[in-house]
Amino acid sequence: MNKRIQKVAVLGSGIMGSRIACHLANIGCKVVLLDIVPFELNEKEVAAGLTKENDIVRNRIVNDSLTSTLKSNPSPIYRKSFASRIKTGNFDDHLEWISDCDWIIEVIIERLDLKIALFDKVEKFRKPGTLISSNTSGIPIEMMLQGRSDDFQKYFCGTHFFNPPRYLKLLEIIPSSKTMPEVIDFFMDYGKRFLGKTTVLCKDTPAFIANRVGVYSIMSLFHTVKEMDMTVDEIDKLTGPVLGRPKSATFRTCDVVGLDTLVHVANGLKENCPDDEANALFELPDYISKMVENNWLGSKTKQGFYKKTTDENGKRQILSLNLNSMEYEPKQRVKFPTLELTKPIDDLKERTKVLFSGKDKAGEFYRKSFTGLFQYVSNRIPEITDDLYKIDDALKAGFGWELGPFETWDVVGFEKALKLMEESGKKPAQWVYDMKDAGITSFYKLENGVKSYYDISSKSYQVIPGTEELVSLANLKDGNTVWNNKDCSIIDLGDGVLNLEFHSKMNTIGGEVIAGINKAIEMAEESYKGLVISNEGQNFSAGANVGLIFMMAVEQEYEELNFAIKAFQDTMMRVRYSRIPVVLAPHNMALGGGCEMCLHADKVIAHAELYMGLVEFGVGLIPGGGGTKEFVKRLSEELHDGDVKINRLRDRFLTIGQAKVSTSAYEAFDLGYLREGIDEVVVSRDYQLKIAKEAVIEMSDEGYTMPPKEKNIEVFGQEGLGIVYVGAQSMQAGNYISEHDQYISEQLGFVMCGGDLSENEKVSEQYLLDLERKAFLDLCTKKKTLERIQSILTKGKILRN
């Protein structure tokens, strides 16, 4: 199907509709957002003398919804200006706007009669061949076809986004019996490639895939917590990050989503899935019913499983609900021997093995939970899907699990888990035994860098569809690693391109990573076309190892510290000045040294979710790995005549001085971390490395040559310093900053202005690096800086800068 989505109509502007509209605007689409006309005037409209015919009144619902959404945190939009791509209106006056849209998506209340009534109106304006879908989370797609034209039916399907659409990767695609295969293929590819989603093809069954299994998992825990006499705090400790799940774990997630929402889905599953062997688990435990009766629904009612209060001393505290007494109590510190064993284990798969084998109550909990989950997902095939990888994909993308159920089963051991399931009366589906009888004892297989899954119908391994063209470090590292040390690995991506991957704690940059960068560039210059620096960790890099800097400063090992900073600077310059193209592909956090590395790349292929910043000021330092120098260099390149020079210096200075961090890759352009016309943004994390690799090949094939080192960087000297010093002094005099912050500001300004020069001059990069390093070392000698670093390290707010 040769379609291009340029304009989309979103029908319904509630929480989901407005956020879907924002995400479509994020990727460049023009969006028409429509909703109903209000039934009555509100007090403000009456006071203003408005009537129901006034446009302000008629568009109040849609405009209020969008305004509220744009103010929400985290933001649903990559850049504030992107909101201008959304045009608002109402169903009565503006439904004709859908006539030139390429895709129409319905996102109104979950009532079939209202959806059908809206589709009746849509049919009058929809152009034949226009894609149309529903964001329903549970109403059967087939039931929405009644009364629809043949063309409508052929182009109609379910497109179920998860909230919030910008941040949760899952997009479930649900065809009806009438949907053309080409439509499904289009949405599967469009969602993945352009919307940045994990698209999962679902059967038209209650709650589809993710909510069917995810809500089962939560309801199972609701019962387990009582059966095993466990607490809210214990369950959330056991089902959070230690298990590769979100920090909100189970009960906190329920508070955020809303207990009423979860109960609604659970009741629907109990009613609509009478033959589900776990149907009894969808029955609400007494304490859940009591919470609903008390209106303890979570964040929306200010209390749920947790409640925020203030003690007698005015200190805020979080209480957790005692499920036996139904009283709120102070949160308890959770300790289990099994959890203690996992503390030194960073690898999730290895950690999961330890959790599953635990000899205490925690281990018992994990075995009980996993065996029930493994049985449940095996029995859902072929009911909700024919392919096991789709269940894993849905849970990972929709609920934030790092390992899906079948991946977890592989990790703990196929036969070990099967034996425990049988012993506990939780035998899996027959196809699992057929698989075992065929001598196959894993659901996935990795071969020659390609991941395959066990296909039940053919009883053989098949490549996961849609992954053939992608580049995955996880799949390549076993067979394609050409060099490694403790903290990083160099992996051959094929086609003459290397990749340097970090795997240090939080991907921080220390001596081992510095050695890896230099080695990777050396190898690429000898035998390859170029280098990509990327990884598949939770974050690209949290920056330089501040703990190491702190230790050297405390011990007054200033020569060693100077050497370490010089090595970092030289390595960043090596990234900039080598005989091969170096492309960086950052995602999520790229802070401090991680940001500085990006500043020196030939090109950055940034994931849209990029939180990039030079944050050293927050620990009492300035960027010392070339970041300050690079901001001065970029400032010089964009200078214009007149006062604009000083304005731009101020903007660059404040970006560093206020430790500004972008909330998206697009905002990183606004802050000066990324370069217009050079660096690029990709919404799809799955395609990021592939695109970065292609960028290296393109630059190499076009005859890449090393750029000359810059020796004509314009700096302002005393003219700029005067402004910086006056500003810092006035801020300190007004008690807006401390004396130490004033000193840091003056040191930063000294470097950015090129030192105490009598007039504007042209200087080299090395000149600025020397100033930067000198200022960094000076700040490391200050007691206040060391106290700030120690405080941050002790509190654990920032483990690495």
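A salt bridge here is a side-chain nitrogen of Lys or Arg within 4 Å of a carboxyl oxygen of Asp or Glu. This is a predicted model, in which local features need pLDDT of at least 70 and side-chain atom pairs count only at pLDDT 80 or more, while totals for chains, interfaces and linings use all residues. Residues are numbered from 1 along each chain as its sequence is written, and side-chain values use heavy atoms, with hydrogens and water left out.

Select Arg212, Asp276, Glu277, Arg380 and Glu383, which are linked in a network of salt bridges. Within this group, the closest N and O atoms of Asp276 and Arg380 are 3.8 Å apart, and both of these residues are buried (buried means under 20% relative accessible area, exposed over 50%, partly exposed in between, with a 1.4 Å probe and protein chains only).

Next, select Lys203 and Asp386, whose side chains meet in a salt bridge at 2.9 Å, N to O. Lys203 is partly exposed at 30% relative accessibility, and Asp386 is partly exposed at 40%.

Finally, turn to the cavities: sets of points on a 1 Å grid over the protein atoms alone where a 1.4 Å probe fits but cannot get out, with lining residues having an atom within 4 Å of a point. The largest cavity has a volume of about 130 Å³, a volume being the space filled by probe spheres set on the points. Of its 13 lining residues, select those closest to the centre, namely Ser217, Leu221, Arg245, Ser369 and Phe370. For the second largest cavity, select Leu243, Arg245, Thr352, Phe370, Leu403 and Thr408, which line it.

How values were computed
On a 1 Å grid over the protein atoms alone, a cavity is a set of points where a 1.4 Å probe fits but cannot get out, and a pocket is an open set with protein on both sides within 12 Å along at least five of seven lines; lining residues have an atom within 4 Å of a point.
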